[in-house]
Amino acid sequence: MDIKVNLNTILKSIPKEVTLVAVSKTRQNSAIIEAYQLGQRIFGENKVQELVQKYEELPKDIYWHMIGHLQTNKVKFIAPFVSLIHGVDSVKLLKEINKKAKQNNRVIDCLLQVHIATESTKFGFDISELSNAINSANEYQNIRIVGLMGMATFTDNKQQVIQEFSSLKIVFDTVKNEDITILSMGMSGDYQLAIEQGSNMVRVGSAIFGHRN
Ligand SMILES: *Cc1c(COP(=O)(O)O)cnc(C)c1O
């Protein structure tokens, strides 16, 4: 796998208003540095411990995104530096992020994860719970809801994936405002479909770094 070739190919193929999060979970620092040397500055991780370790070891101008499921008792470890939390799926978690952000004198940007897949394993708010979550976030001074995040069902059924992404885009259009501008959807296997359906942030790992073990 040639990281530089892969990254350049992807960057060329996506519109410039779409932000690429290079998903570096399980990867060595050396692989991340290769992407960094090409100018990539946004990296996504899904495990708190790994994220903290990479933050400590790698250049400080990297923007680290937490893309995985986040447990409330681990928020404190990433609150000092995390740049965007994608998978916020409960008001309880929002409250905890607010608390730890405040202790660090920060405002932390968050995306609310919306449950769009048919699989019951995917986390997220139901569409019906969303406006309530956005309203409760307004009470918190140290978090900012900047958008929505969703994951499609893991399936070869392209029509289903398109339908799930498009349903999230419709929801996004109903909640977007000055602050809520990011729609994070699409991974290696489906980022093109996601962009066609209105995504402006894609989270791509294996298409850049190769298959994970
Ligand atoms: C691992 C992961 C990705 C990237 O997956 P690839 O298929 O390697 O591109 C994107 N989003 C989330 C939430 C992930 O956990």
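Me: In which loop is the place of threonine 26?
Reply: This is a predicted model, in which local features need pLDDT of at least 70, side-chain atom pairs count only at pLDDT 80 or more, and totals for chains, interfaces and linings use all residues. Residues are numbered from 1 along each chain as its sequence is written, and side-chain values use heavy atoms, with hydrogens and water left out. Helices (H or I, at least four residues) and strands (E, at least two) are DSSP runs, numbered from the N terminus. Threonine 26 belongs to the loop between strand 1 (19-23) and helix 2 (29-37).

Me: What is the phi of threonine 26?
Reply: Most residues other than glycine have a negative phi. Threonine 26 is not a glycine, yet its phi is positive, at about 70 degrees.

Me: A polar side-chain atom of which residue lies 2.7 Å from an oxygen atom of the ligand?
Reply: A polar contact is a pair of N or O atoms within 3.5 Å; within protein, one must be able to donate a hydrogen and the other to accept it, and residues adjacent in sequence count only if both atoms are side-chain atoms. A polar side-chain atom of arginine 203 is 2.9 Å from a ligand nitrogen atom, and a polar backbone atom of glycine 205 is 2.8 Å from a ligand oxygen atom. The side-chain pair at 2.7 Å involves lysine 25.

Me: How much of the ligand's area does the protein bury?
Reply: Accessible areas come from the Shrake-Rupley method with a 1.4 Å probe; for residues, only the protein chains shown count as cover. Taken alone, the ligand exposes 390 Å². Of that, the protein buries 90%.

Me: Which helix gives the largest share of the lining of the largest pocket?
Reply: Strand 6 (143-150), helix 7 (158-175), helix 8 (191-196) and strand 8 (201-204) each supply at least two lining residues. The largest share, 3 residues, comes from helix 7.
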